[in-house]
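Subject: Handover of a structure for your study

Dear colleague,

Please find below the structure that I would like to hand over to you.

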Amino acid sequence: MDPLILGLLAAVVLIMLLLSGMPVAFALGFTAIFFLIIDDGIGAFDVVADTLFASLDEFALLSIPMFLLMGSAIAASRAGSDLYEALDRWLYRIPGGLLISNIGACGVFAALTGSSPATCAAIGKMGIPEMRKRGYPASLATGAIAAGGTLGILIPPSITMIVYGIATETSIGRLFMAGVLPGAMLMLLFMSWSWFYAYKNGYHFVERNKHYSLRDKFIVLPKILPFLLLIVLVLWALYGGVATPSEASGVGAFISIILVMIIYRVWQPSVLWEIVRSATRESVMLMMIIGMAGLFSYMMSSLYITQGIAEWIAAMDVNKWQLLIYINIFLLVAGLFLPPVAVILMTSPTLVPIITQAGFDPIWFGVMLTLNMEIGLITPPVGLNLYVINSIVKDVELKTVLWGALPFMLCLVFGIFLLTMFPAIATWLPDYLMGPVN
Amino acid sequence: MNALIRFISGLSRLLGILAALLLIAGVLVVVQMVFLRYALSESTSWQTEFVTYALIASTFLGAPYVLLTRGHVNVELVPLMLGPKSRFVLALFAYSTSALLCFILTYYSYLFWYEAWSAGWTSDTVWGPKLWKIYLSMPVGFFVISLQYLVDLLCLVTGRELPFHIADVNEEAA
């Protein structure tokens with residue numbers, strides 16, 4: 001059968017299984033095996049276990065569970081609320097200051113965890129009730145945190161960047177570095193929108209009767225400094241070429257547990273166990289998706305679907321900007337239904353050669369892809385962040401969160417536009433620090 | 001029947017604990033490796049491989065526990081749109097398809113394990129551990145997750161649990 005038709009069929013089967021409510025990992029696995037058998041008969045079964053194992057047998061992948069553990073340790077402490085409290089004391093005079101503090105805290109927290117849902121949960125638990133108490137509408141408060149949380153997969157360490165690096169054989173360190181400025185840019189875009197909205201609606205009056213002295217401002221710093229140092233340390237280890245991502249993440253996880261134990265006196269076995277338990281759950285879920293997506297990619301390439309799509313796109317004879325627009329739309333749609341990790345593993349082996357052929361930079365494309373995935377995180381039906389927020393603040397309807405997140409989603413689209421116009425936003429920093437790619 | 005459900009859930013929990021311990025072991029070994037390599041400038045041999053295998057095993061062994069605690073991400077769009085009856089049918093389909101996949105994977109990962117065991121495969125590194133020990137996590141994990149799915153199906157059919165665990169808010173209104 002024509003590989004393209006097979007590919008189309010595989011997509012249809014996968015979407016149907018996904019919509020049936022099956023776990024994403026198993027829908028991927030089932031589709032993969034199903035089409036392998038169609039192509040190769042019962043003999044295809046022989047390679048399944050081997051392939052599944054091989055897709056996880058990669059040293060760099062294990063930085064994912066480690067970074068998740070690091071995030072879950074910090075999330076279990078009061079670090080998140082301390083963080084935004086500290087920012088608030090410095091920024092409270094600005095219109096929408098609390099909102100801006102919360103987004104800033106999301107950004108910093110993203111740098112600590114590499115995971116979007118973890119960022120949302122940690123900052124949102126404290127930030128959303130506080131914002132609502134001070135008179136911010138529920139939609140704005142929840143939307144800002146949902147959007148701020150998406151920074152988790154852009155600002156290093158980022159789990160999706162690790163997966164992209166492995167799938168496309170690009171440098172994970174370089175990818176991490178490439179996420180820094182776009183992350184800052186998005187944070188500024190989110191903050192500007194919040195400021196504008198708060199200013200227009202007069203929310204700054206709510207904050208005016210508060211006053212923090214310089215002493216108040218400095219007294220909160222010691223609590224968050226160790227975590228900021230940890231971020232710097234992990235990044236330094238990665239970019240100084242001192243350690244691999246896996247080493248940095250392992251040590252980072254270890255140190256963050258120690259820090260949480262010392263600073264926040266979290267030493268009760270039950271709490272410590274909960275930290276490990278939640279990290280294990282999330283890691284198993286993600287790694288299972290990664291393994292099954294590996295099987296899916298194997299099926300795609302052994303049925304020549306990957307190659308077929310690449311040839312088909314090459315034959316379309318569109319200019320590179322049209323190509324980029326199509327790819328963006330495709331990624332957006334895929335991101336609506338699948339978790340970022342799955343999208344990256346399934347599409348990047350096909351897309352990256354095409355993109356590189358068209359003259360785009362694969363590191364830059366990694367950032368672009370991540371921005372697309374961020375939109376998927378705050379849009380239904382999968383929109384993980386929306387559900388996280390919904391589970392934290394149960395009295396706010398999902399619809400309200402959605403509306404609140406919408407302007408931030410437009411910020412993301414604008415971010416994609418800026419990144420396309422000025423690719424240096426992503427590539428300048430890694431090139432400057434690590435030298436240009438040969 | 002309740003005893004059976006409890007037994008299988010207990011089994012999933014036990015493997016979940018094992019998965020968590022493997023994660024802890026992984027972290028500790030990485031820390032030890034970094035210490036050896038950077039503080040004492042010694043070379044390391046088995047650590048990289050050990051940690052990789054520990055986390056792979058953690059993934060397969062932890063999967064049943066994640067199913068038990070509803071941690072596998074899925075798309076709930078359609079199940080949420082449907083009425084209770086069609087949702088039940090859809091859940092029946094989704095659970096049994098997943099169960100089928102897990103049974104298939106159990107069998108074929110068992111064959112894979114058996115091959116490694118009977119031929120005495122070792123990994124081609126200096127450390128060279130016996131591979132069957134690591135591969136064992138696959139059939140064990142998939143077998144228990146298959147059982148866990150059977151329990152879920154059982155609970156679904158006997159009405160012990162709601163399809164997709166979605167509580168129907170509109171039921172009272174209707």
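**Salt bridges**

Over all chains, the structure holds 10 salt bridges. Please keep in mind throughout that this is a predicted model.

One of the salt bridges joins A:Arg134 to A:Glu130, with 3.0 Å between the closest N and O atoms. Both partners are charged residues, and their surroundings deserve attention. A:Arg134 has a relative accessible area of 12% and is therefore buried. A:Glu130 is buried as well, at 17%.

A:Asp431 is partly exposed, with a relative accessibility of 29%, whereas A:Arg174 is buried, at 11%.

In chain B, the side chains of B:Asp152 and B:Arg70 meet in a salt bridge with an N to O distance of 3.2 Å. This pair links distant parts of the chain, 82 residues apart: B:Asp152 is in helix α6 (residues 137-157) of chain B, and B:Arg70 is in the loop between α2 (47-68) and α3 (77-81) of chain B. B:Asp152 is buried, with a relative accessible area of 7%, while B:Arg70 is partly exposed, at 35%.

**The contact between chain A and chain B**

The contact takes 49 residues from chain A and 57 residues from chain B. The area buried between the two chains is about 4800 Å², and carbon and sulfur atoms give 82% of that area. A:Phe26, A:Phe53 and A:Arg281 supply 14% of the area that chain A buries against chain B, which is more than any other three residues.

How many salt bridges are counted between chain A and chain B? The count is 1 salt bridge. The side chains of A:Glu247 and B:Arg37 meet in a salt bridge, at 2.6 Å from N to O. Across the interface of chain A and chain B there are also 5 residue pairs in polar contact.

The helices α1 (3-19), α2 (24-40), α3 (45-56), α4 (63-76), α14 (245-263) and α15 (269-302) of chain A each supply at least two residues of the side that touches chain B. Among the contributors to that side, α15(A) gives the most, with 11 residues.

B:Thr97 is found in helix α4 (residues 84-119) of chain B and counts as buried, at 8% relative accessibility. Leaving aside residues up to four places away in sequence, B:Thr97 touches A:Leu17, A:Met22 and A:Phe30.

**Aromatic rings**

Over all chains, the structure holds 28 aromatic pairs. In one of them, the rings of B:Phe112 and B:Trp121 have their centres 6.1 Å apart and their planes at 70 degrees, so the pair is edge-to-face. B:Phe112 is buried, at 6% relative accessibility, whereas B:Trp121 is partly exposed, with 29%. Both residues belong to one aromatic cluster, formed by A:Phe53, B:Tyr53, B:Phe112, B:Trp121 and B:Tyr135.

Elsewhere, a charge meets a ring: the charged end of A:Lys320 sits over the ring of A:Phe360, 4.8 Å from its centre.

**An enclosed helix in chain A**

Why is helix α9 (residues 159-168) of chain A described as largely enclosed by the rest of the structure? The reason is that 8 of its 10 residues are buried. The buried residues of α9(A) include A:Ile159, A:Met161, A:Val163 and A:Tyr164. What covers the buried residues of α9(A) includes α4, α10 (172-201), α15, α18 (340-357) and α19 (362-377) of chain A. After α9(A) comes A:Glu169, which has a positive phi, near 55 degrees.

One residue of helix α18 of chain A is A:Pro353, which is partly exposed, at 47% relative accessibility.

Yours sincerely,
A colleague

Notes. Residues numbered from 1 in each chain as written. Chains lettered and ligands numbered in written order. Predicted model: local features only at pLDDT ≥ 70, side-chain atom pairs only at ≥ 80, totals over all residues. Heavy atoms only, no water. Phe/Tyr/Trp six-rings, centres within 6.5 Å; stacked < 30°, edge-to-face > 60°. Buried < 20%, exposed > 50% of the residue type's maximum accessible area, 1.4 Å probe, protein only. Lys NZ or Arg CZ within 6 Å of the ring centre and 35° of its normal. Contact = heavy atoms within 4.5 Å. Buried area = accessible area lost by both parts, 1.4 Å probe. Salt bridge = Lys/Arg side-chain N within 4 Å of Asp/Glu carboxyl O. Polar contact = N/O pair within 3.5 Å; in protein donor to acceptor, adjacent residues only side chain to side chain. Helix = DSSP H or I, 4+ residues; strand = E, 2+ residues; numbered from the N terminus.
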